[in-house]
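Let's take a walk through this protein together. Have the sequence and the model at hand as you read.

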Amino acid sequence: MSPTTIILIRHGETAWNAERRLQGHIDIALNDEGLRQAGALAEALEGEHIDLIVSSDLQRAAQTADAVARLRAMPVQRDPVRRDPVRRDPVRRDPLLRERCFGGFEGLLYAEIEQRFPVEFAAWQAREIDAPMPSGARVAETFRQFYQRAVSAIIHWGQAHPGQTLALVAHGGVLECAYRAALGLSLDTPRDFPVLNASINRFHLLDGKLSLVSWGEVGHLQPRVLDELN
């Protein structure tokens, strides 16, 4: 059986990325640089065969995915009654591909989190994977909960489309989880690999297991990219 190819993409830059403000599930749009990055990403992938594009339902990921889809031939289906061609949405949305929910940390600068929640901030920075975070508008996920949710979503899409090529547009945390799953890294080890805006990261999925093909392709994004904030 041929493996499923998964092109995993982080959304383009937002204003909150640039100012070190934690987004989580807060729905922030791309800034001008992020829109430029999404366009450059779309051009880089224009010539590649992709069977399906799926994105997180948060707009920073959705905008990035839509930019990729706009440069590709849109799939067409026939209306069963009128037999008129009807364009389908070329991008599927999946809330399970969202960034980790950080609860009460969301919307705050990193310095503000450290000041307001020193104990919880220290546990987060120490990578205590089951440590709770304070609730805010939403209940926070532990890192273990988030990892299980994100990796399960990626594997679900891959297994639903065996042997095909999928582009999944998500968030820095989701990319981190996929990288750890593919390389068998412990969840409590430091993140010493880059997670870049609008980067192209390639995986294979076979027998329910992810393997890494390439990581952090950003040549299309010159002159600058931002790493996912620690």
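How many aromatic pairs does a search of the whole structure find? The search finds 10 aromatic pairs; rings of Phe, Tyr and Trp (its six-membered ring) pair if their centres lie within 6.5 Å, with planes under 30 degrees apart counted as stacked, over 60 as edge-to-face and the rest as tilted. Before going on, note that this is a predicted model, in which local features need pLDDT of at least 70, side-chain atom pairs count only at pLDDT 80 or more, and totals for chains, interfaces and linings use all residues. Residues are numbered from 1 along each chain as its sequence is written, and side-chain values use heavy atoms, leaving out hydrogens and water.

Take the rings of phenylalanine 193 and tryptophan 215: their centres are 6.1 Å apart and their planes stand at 80°, so this pair is edge-to-face. Phenylalanine 193 is buried, at 5% relative accessibility, and tryptophan 215 is buried too, at 19%; buried means under 20% relative accessible area, exposed over 50%, and partly exposed in between (1.4 Å probe, protein chains only).

Elsewhere, Phe102, Phe105, Tyr110, Phe117, Phe121 and Trp124 form one aromatic cluster.

Now for the cysteines. Cysteine 101 is buried at 2% relative accessibility, and cysteine 177 is buried at 0%. The whole structure has 0 disulfides, a disulfide being a pair of cysteine sulfur atoms within 2.5 Å.
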